[in-house]
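The model is a predicted one.

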Amino acid sequence: MGRVRSAHKVKVKFYTQQQAALKLQLTLKLFRKLCILKGVFPREPKKRVGRETVYYAVKDITYMLHDPVIDTFRAMKSWKEKLNKSRARKDKIRSARLMLKKPVIKLDHMIKDRYPTFQSAIRDLDDCLTLIFTFSRLTNFEDLPEPEDRSRLRRCQKLCLEWEAYVTYTKCLRKAFISVKGIYYGAVVHGENITWLVPHQFSQTIPDNVNVDVMLSFLHLYETLLRFVLFKLYSEVDLSYPPWSDKKKEHSGLKLGALTLTKKPVGEEKRGSKITDEEAAVFGISKNEGETNVANLFKGLKFFISREVPNQAIELLIKSCGGTCSFDSPQAPYPESDESITHQIVDRPSQRHLYLSRVYVQPQWIFDCLNSGFLLPVSEYLVGLRLPPHLSPFVDLSRADYVPARAQEIEAFRAKLLEAKALEPESLDSDEEEDDLSDSDNDDTQFQKELETEIQTYEQNKTMNLVSAAAIAAEASAIASQQRKQKKATKEQQEKEEDVRLAESLIKGRKKRIYNAIKRNEKERAERVQTLLSKRR
């Protein structure tokens, strides 16, 4: 008899997209949605068969196999079949009953699974906030496939207002920048830098090349995540969540002003809801995170926002910096004719009616003051003037090759402010000392003064001869030392250039090409800097 070979199975490590959907008994549309909700991404195998084939790891598919959301998908499918059958039979009573029993997809367990700690959820808020603010700006609801998606947009608008209310309450906003896409904001929450983009207040529509189903799947996940995060953040500062909203103020145009933040009742706070000293030390969190110079930047100032200015963005910046604001609305805190208004934000070529008790500035002044950290002079931001360049605070100029002239002007103005603040206590101390001086100096005798003057004249005549000789010797020694330093510097420069040439000659092959590419990039960067400097001149 021949030798019998042992039949061993080959261990499969990857599934194709169709195989994975068949394993989970889902359609491709529901399979993509489940992957988005669970955070499962395609993998790249070492031995790839076909370029257009998408692969998923077997362990990821096994991880999703017993998820409760799959049962909800199947229940949703059977519910739709029953609803369509009852509507075809025109059975309104059964259709109404079925609408009350519609299955709801709950993602609470997925949020706990994907974000085991609250700090990890805070880190992932950038894309979450950007997507929710994008959907909150949509006005054409007909682009959305189902009616419940249209109601989700209103929930997005509510979540955006709740987030902005938290930012203004804690005063954690640090940066803001106006771009073509929208307005970029930067805040510090729990020691994490959070950046999000808010589109401009125009009529937004969904482009044809965007897959709405994929975006709605992400929106479903991020909506649940932001609701969890806001509940935790509100609990840490002892605020009730969700905040109460006044419908009359909301319909009259008030956004942040329509929300009322109330403290939690006594005894409702749960144990561990506040930030402890140990957590603050571990994560580098400041318990008084908003108490900085930016938080009190507009303290004591009253603003009035004209109707042509986007009031929601300006209101967020002003309230985050400790100021108060109002605009043209019957439910506004104070009218335009209030004499206590210090600044009025205007975005028009000219202002007809002027109040002498206030300053009329353009909206960019608010953004530039927040980014610089102090109040800039309003002379460059008056109505009708050409505005200075609006610099992005998200660019680290300390590492940049080119520093704009406007940034240098702001730094020079900051240095003057610091010098003025440093001189203020010294002048006060000197004034106090002068006030405290007694009148005993006035009683000095004339003899002592004459004696001092004679001693001074004798010492001056004695030192003049010595200084003339010492000055000549010092000048000669300085020239000699400067020549020696120049020779030493040129010699060191030649040695460095020789070492660089020797090191370049030793680089070969692929590393040589990478090195040449780096040198070309450095040369192009230096040329761009020179062109910018020449344009400035």
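## Strand pairings and a pocket

A right-handed β-α-β unit is made by E8, H13 and E9. Its strands, E8 (residues 302–305) and E9 (residues 324–327), run parallel and are joined by four bridges. Within this pairing, Phe-303 has Cys-325 of E9 as its bridge partner.

An open sheet is formed by three strands in the order E3-E4-E5, with antiparallel pairing. E3 (173–178) and E5 (192–199) are the edge strands, each pairing on one side only. On average, neighbouring strands of this sheet are turned by 15° against each other, direction ignored. Helix H14 (residues 364–372) packs on the sheet and touches E3 and E4; the direction of H14 makes about 135° with that of E3. E3 pairs with E4 (residues 182–189) over five bridges in the antiparallel sense, and the bridge partner of Ala-176 in E4 is Tyr-185.

The two pairings with bridge counts are listed here.

| Strand pair | Sense | Bridges |
|---|---|---|
| E8 and E9 | parallel | four |
| E3 and E4 | antiparallel | five |

The second largest pocket has a volume of about 570 Å³. Its lining has 19 residues, of which Ser-136, Gln-157, Leu-161, Lys-255 and Gln-312 are the closest to the centre. Helices H9 (147–170), H11 (247–251) and H13 (311–320) are the elements that each give two or more residues to this lining. H9 contributes the most, with six residues. By residue type, the lining of this pocket divides into five nonpolar, seven polar and seven charged residues.

Technical notes: Residues are numbered from 1 along each chain as its sequence is written. This is a predicted model: local features need pLDDT of at least 70, side-chain atom pairs count only at pLDDT 80 or more; totals for chains, interfaces and linings use all residues. Side-chain values use heavy atoms; hydrogens and water are left out. On a 1 Å grid over the protein atoms alone, a cavity is a set of points where a 1.4 Å probe fits but cannot get out, and a pocket is an open set with protein on both sides within 12 Å along at least five of seven lines; lining residues have an atom within 4 Å of a point. Grid points are joined across faces, edges and corners, and a volume is the space filled by probe spheres set on the points. Ala, Val, Leu, Ile, Met, Phe, Trp, Tyr, Cys and Pro count as nonpolar, Asp, Glu, Lys and Arg as charged, and the others, Gly among them, as polar. Two strands pair if DSSP finds at least two bridges between them. A crossover is right-handed if, with the strands pointing away from the viewer, the path from the first strand over the helix to the second runs clockwise. Axes are lines fitted to C-alpha atoms, for helices over the stretch in contact, and angles run from 0 to 180 degrees between N-to-C directions. Contact means heavy atoms within 4.5 Å.
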